[in-house]
Amino acid sequence: VRAADVIVVGGGIMGAATAFFLRRRGRSVILLERGLAGQQASGTNFGAVRRQGRPLHQLPLSHRSHALWMQLAQLVGETCEFTPSGHLAVAYTREKADAFEQYAREARECGLNLEIIRGDAISARFPYLGSGIAAGFLSPDDGHANPRLVAPALVRAAARAGAVIVENAEVYAVEKGGEDFRVCAAQGEFRAPVVVIAAGAWAGAMAAAHGEAVPLDCRGPQMAVTEPLPFRIKPMVGVLTDDAERFIYFRQVARGNLVFGGGIRGPASTDTNRAMVLPENTLRQLRYLRDLLPAATAGNVIRTWSGVEGYLPDSLPVIGPSARISGLFYAFGFCGQGFQLGLGVGDVLAELISVGRTDTPLHPCGIDRFQSSSQRAPDARQLS
Amino acid sequence: MGTPRVAIVGAGPAGVRAAERLVSASFRPILIDEAPRSGGQIYRRQPANFTRTYRQLYGFDAGKARALHQAFDRISAAIDYRPDTAVWNIFGNKLYTVSDGRADEVEFDSVILATGATDRVAPVKGWTLPGCYTLGGAQIALKAQACSIGRRVIFLGTGPLLYLVAFQYASAGVDVRAVLDSSPLSAQVAAAAAMAARPSLLARGLYFRAHLMARGIAVHNGVMPVEIHGPGRVTGVRVRLGDGTTVDIQADAVAMGYHLRSESQLADLAGCNFTFDERSGQWAPQCDDAGRTDRAGIYVAGDGAKILGADAAETGGRLAALSVMKAAGMAIPEKEAAVLRRRLAAFERFRRGLLTGFPWPQAMIRSVPDDVLLCRCEAISAGELRHAAREQGAPELNRAKAFSRVGMGRCQGRYCGCAAAEILAGSLGVPVAAVGRIRAQAPVKPLSVAVVSTSLS
């Protein structure tokens with residue numbers, strides 16, 4: 001039996017960051033990952049390091065995370081291609097523009113300064129965008145990173161700092177007996193007084209086993225990338241819309257490739273570990289990408305991909321302590337919105353576990369919200 | 001229920017024979033092909049206004065080429081033929097095609113994937129210089145366009161195609177400077193017994209070799225390529241010969257290849273199970289000798305299933321057609337199936353001989369220097385892949401791809417994947433099977449952002 005102060009279940013960005021920041025606070029950590037670190041949602045998402053568009057109550061956590069992104073290279077020793085390129089949200093209709101302008105005003109109160117650009121100023125500032133855009137909202141310090149690199153880099157940094165990383169260690173059971181949790185995994189048994197369940201779409205069954213069932217749904221993002229294109233666009237751009245089919249967003253990486261996604265989420269399964277890109281989605285994305293960025297028409301799509309993500313009906317994650325069992329913590333169900341939050345969630349959980357409290361508000365992300373009968377209505381459109 | 005909808009992807013020897021057999025059983029298959037004309041790579045038809053004879057175009061295989069073309073012409077009115085059409089994805093019971101900028105869908109009950117093969121290449125310093133071609137590319141230039149890839153050409157690699165294309169170039173009057181075979185002669189001698197399973201092919205191989213040598217062309221065995229010289233474009237090749245001496249040979253073009261590799265991405269995207277073939281060192285869709293995969297309604301035939309050559313592809317195409325008929329509830333002539341299966345078994349024996357005689361040069365590829373470019377599309381060196389293995393802990397190929405970008409570009413690892421697997425395995429000190437294979441991701445070939453879909457509202 002191997003033991004530590006904390007066992008982290010899941011080597012996505014949440015678990016990896018939690019392990020990393022726990023080590024910085026001097027806690028001994030064992031991280032158990034069922035496959036390889038960052039293979040699913042953390043490694044296959046769009047890579048947006050974006051605060052704009054998040055619920056206002058989430059902005060303090062998002063800001064805390066952003067500050068850590070700005071230090072990522074110093075923290076883990078690799079840039080992971082993080083680029084604070086700016087994020088531009090565009091609205092095609094006046095109604096959407098007005099609604100988001102209201103959000104922008106409120107976000108300013110919460111420390112997020114969004115530049116509001118309406119009418120002709122849009123095409124003057126961003127001449128490469130297609131026609132018909134009513135307004136744009138620029139969050140100048142948001143950016144993007146390479147999701148394939150981040151969780152593995154955090155895991156390596158945590159390991160260098162003394163964390164024990166066990167990959168290919170699927171967890172079969174987490175049981176509390178006395179002071180300690182007993183964690184049965186593919187690579188044996190582990191013990192710790194504190195367990196963090198950060199197992200993404202796989203966390204639902206583990207929460208249910210502790211009497212905290214949540215309606216976690218499994219879906220996959222619909223991602224694609226073009227070959228390098230002979231132009232350079234600095235900000236990430238995403239469309240504000242309530243019509244999932246028309247939802248499109250893109251970013252251009254340093255090599256020149258255009259990464260894009262959007263549309264209806266694809267089927268995914270925690271049994272097969274597979275998430276599918278629906279071919280119709282790719283074709284539909286091309287149409288809306290051409291509208292948004294006409295110059296992309298000259299390019300070719302070279303690859304599509306997806307990954308298994310966990311979704312909750314109110315589009316909010318579960319972050320924080322168990323409502324029933326002391327020493328048990330959760331961070332999962334990020335609904336395709338977790339990448340930017342990852343560093344902050346890891347830092348906050350490390351703080352919670354080490355000092356028992358945090359100033360960063362996590363409400364309303366408690367797991368107990370699903371125990372009441374009145375669940376929140378699904379949020380309006382999210383960005384990605 | 002009406003006649004099942006059968007789609008065939010690829011109009012080479014396997015696809016055409018599958019279509020022919022299905023037509024004779026009153027099916028009307030949809031035959032989808034990327035090329036403008038049928039025949040596949042080996043029996044590629046020349047453009048309409050070219051007038052070379054079958055003998056000039058196909059040499060010893062003129063009769064087979066003519067027979068396949070005639071078979072296609074006979075059935076062309078009885079099939080739904082879609083040339084110039086690429087299948088970029090498969091999902092459920094639909095093929096997703098693109099032709100002339102328009103995306104379309106083809107629903108099927110059964111599909112025969114007869115997608116052929118491409119060259120298996122291995123990196124060597126300078127292999128991305130202008131003037132370097134694959135053997136297949138060199139052959140197509142000659143066959144389709146009556147062009148040579150250069151004035152003074154070196155053939156480098158191993159396998160029967162090395163000698164065949166060198167022979168075709170020499171016969172066309174090109175100055176062939178040398179044939180440089182990485183396989184030792186001793187291996188070919190040892191494999192002769194197995195290759196005698198197809199005596200005419202064995203004899204033909206010996207004939208090519210004798211013919212080249214009679215023309216005064218240097219044929220070396222046991223060669224280790226060191227570098228293709230530049231600068232700017234190919235000016236020559238440096239190799240270490242079997243006796244340990246290093247020589248420089250001047251040339252302005254190099255054709256290279258180490259056998260072929262299956263174009264199996266559609267089978268992968270369809271969810272077929274893959275198994276590792278020790279002899280060829282390649283992964284292949286798992287199938288029985290009648291082309292049935294583990295996925296209902298998905299069949300594979302020809303070099304896209306396993307590299308057995310054109311004659312075997314014709315046999316495999318017919319067998320897959322019989323499997324489709326059987327699955328549709330039709331009685332199939334058992335004698336016909338038995339004869340075809342027996343023939344396929346002889347091809348398999350010959351294949352084993354070939355792979356003994358012309359082995360994939362594993363040790364040579366594992367020792368490629370760090371500064372050699374491995375992935376052409378993404379400009380990734382062998383050293384960068386080794387870094388992903390040693391410093392970043394990538395235990396298998398997809399992980400190494402995610403870290404290093406090897407196989408992430410336009411070709412999706414079709415050209416660098418085999419060598420990347422070998423180099424990664426070498427770096428980790430494991431057999432090549434242990435590092436897995438690059439998982440296929442749609443689109444099978446680059447898909448234009450400009451594509452307009454006919455089915456989307």
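**View 1. A salt bridge between Glu263(B) and Arg414(B).** Their closest N and O atoms are 3.0 Å apart. A salt bridge here is a side-chain nitrogen of Lys or Arg within 4 Å of a carboxyl oxygen of Asp or Glu. The pair links distant parts of the chain, 151 residues apart. Glu263(B) sits in the loop between strand E17 (260–262) and helix H8 (265–269) of chain B, and Arg414(B) in the loop between H13 and H14 of chain B. Helices (H or I, at least four residues) and strands (E, at least two) are DSSP runs, numbered from the N terminus. Glu263(B) and Arg414(B) are both buried. Buried means under 20% relative accessible area, exposed over 50%, and partly exposed in between (1.4 Å probe, protein chains only).

This is a predicted model: local features need pLDDT of at least 70, side-chain atom pairs count only at pLDDT 80 or more, and totals for chains, interfaces and linings use all residues. Residues are numbered from 1 along each chain as its sequence is written, chains are lettered from A and ligands numbered from 1 in the order in which they are written, and side-chain values use heavy atoms, with hydrogens and water left out.

**View 2. Asp73(B) forms a salt bridge with Arg45(B).** The closest N and O atoms are 3.2 Å apart. Asp73(B) lies in helix H3 (residues 62–75) of chain B and Arg45(B) in the loop between strand E2 (30–32) and helix H2 (54–58), so the pair ties together parts 28 residues apart in sequence. Asp73(B) is partly exposed at 43% relative accessible area. Arg45(B) is buried at 16%.

**View 3. Glu101(A) and Arg105(A) meet in a salt bridge.** The N to O distance is 3.3 Å. Both residues belong to helix H5 (residues 94–109) of chain A; being four residues apart, they are separated by about one helical turn. Glu101(A) is buried, at 17% relative accessible area. Arg105(A) is partly exposed, at 42%.

**View 4. Chain B meets chain A.** Contact (heavy atoms within 4.5 Å) involves 35 residues of chain B and 35 residues of chain A. Three salt bridges are counted between the chains. One joins the side chains of Arg410(B) and Glu227(A) at 2.3 Å, N to O.

**View 5. Strand E20 (residues 300–305) of chain A pairs with E23(B).** The sense is antiparallel, over two bridges. Pairing requires that DSSP finds at least two bridges between two strands. Ser448(B) is the bridge partner of Asn300(A).
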